[in-house]
Amino acid sequence: LLLSSGINAEYGGVCGACVQGTKSCLIMHLILLGLLIIAESIGIGMLIYYSADDDLEAEISKTVQDAFKTYGGNETSSEAITDGIDMFHEVLHCCGQHTYKDWSNSSVAFTWVVTLNYKAYLPDSCCKTKTTGCGKKLSLINANQTAVNETFYTHGCEDEIHDYLDKWSGVVTGILIAIAVLQVFCFLFGVCLTCIKKD
């Protein structure tokens, strides 16, 4: 959104300054660009602040935990959560909240464990090669940790989600800073141009 706004402001300002060739048009462009730089600076500051906020990390952990507790339910909302967690498993290559063993722990995956009458096997989305019923293989190979590691994703999703958000918040912050720096140079150039421009 900030990038799109910046491009539009730049486009309108440059076109106006070039076509009209007036000092007032350059000043208007500088005002808009200055406001945009301020807005982006606030956005960058908020992004840096919230990405390092412990309360946000705790809220994400609670949300993930609540989602895993309702996995496998029959309600429409539970089905959406189930699909979302399956997607996390497959995209982030993880299984369970903290570890694949969470799926046999009723304090973490309550609905799933109760639905299975406390039998211990995994959702099919935890399988590295997903096929129908592949999660039930856990009971056959559970004693062989090497086989478990080769067959299933074993790392928990919560850590993977935190790592994913940390990675991309850093990338977005870097891009926004680069854009803001470029716009500051454009602003300074515009100021110089305005000072030497005659009405």
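Reader: Let's start with Lys62: what is its relative accessible area, and is it buried, exposed or partly exposed?
Author: Keep in mind that this is a predicted model. Buried would need a value under 20%, and exposed one over 50%. Lys62 sits between those cut-offs, so we call it partly exposed, with a relative accessible area of 44%.

Reader: Which residue forms a salt bridge with Lys62?
Author: Side chains of opposite charge can pair when their charged atoms come close. Here the closest N and O atoms are 3.0 Å apart.

Reader: Which helix holds Asp66 and Lys62?
Author: The two residues are four apart, which is about one turn of a helix. Both belong to the helix that covers residues 54-70, and that is α3.

Reader: Is Glu90 buried, exposed or partly exposed?
Author: Use the cut-offs again: under 20% is buried and over 50% is exposed. Glu90 has 35% relative accessibility, so it counts as partly exposed.

Reader: On to the cysteines: how many residues apart in sequence are the parts tied together by Cys94 and Cys157?
Author: A disulfide is a covalent bond between the sulfur atoms of two cysteines. Cys94 and Cys157 form one, with their sulfur atoms 2.1 Å apart. Cys94 lies in the loop between α4 and α5 and Cys157 in helix α8, so the parts they tie together are separated in sequence by 63 residues.

Reader: What is the handedness of the disulfide between Cys95 and Cys126?
Author: The sulfur atoms of Cys95 and Cys126 are 2.0 Å apart, and both residues are buried. Handedness comes from the torsion about the S-S bond. For this pair the torsion is about 90 degrees, so the disulfide is right-handed.

Reader: Which residue does a disulfide join to Cys127, and what pattern do the disulfides follow?
Author: The sulfur of Cys127 is 2.1 Å from that of its partner, Cys134. Their S-S torsion is about 110 degrees, so this disulfide is right-handed. A search of the whole structure finds three disulfides. Count the bonded cysteines along the chain and the pattern is 1-6, 2-3, 4-5.

Reader: How far apart are the end C-alpha atoms of α8?
Author: Let's begin with what you'd expect. At 1.5 Å a residue, the 40 residues of α8 should span 58 Å. The model agrees with that, because the end C-alpha atoms are separated by 59 Å.

Reader: Which side chain does His162 join in a polar contact of 3.4 Å?
Author: Leave aside the neighbours within four places in sequence, and His162 is in contact with Glu57, Ile60 and Ser61. The polar contact of 3.4 Å is between side chains, and the partner of His162 in it is Ser61.

Reader: Which element gives the largest share of the largest nonpolar core?
Author: This core has 26 residues, and Cys95, Trp103, Trp112 and Leu122 touch the most other members. The elements that give two or more residues to it are α3, α4, α5 and α8. The largest share is four residues, and it comes from α3.

Conventions
Residues numbered from 1 in each chain as written. Predicted model: local features only at pLDDT ≥ 70, side-chain atom pairs only at ≥ 80, totals over all residues. Heavy atoms only, no water. Salt bridge = Lys/Arg side-chain N within 4 Å of Asp/Glu carboxyl O. Buried < 20%, exposed > 50% of the residue type's maximum accessible area, 1.4 Å probe, protein only. Disulfide = S-S within 2.5 Å. Expected span 1.5 Å × (residues − 1). Core = buried A, V, L, I, M, F, W, Y, C linked by side-chain atoms within 4.5 Å. Polar contact = N/O pair within 3.5 Å; in protein donor to acceptor, adjacent residues only side chain to side chain. Contact = heavy atoms within 4.5 Å.
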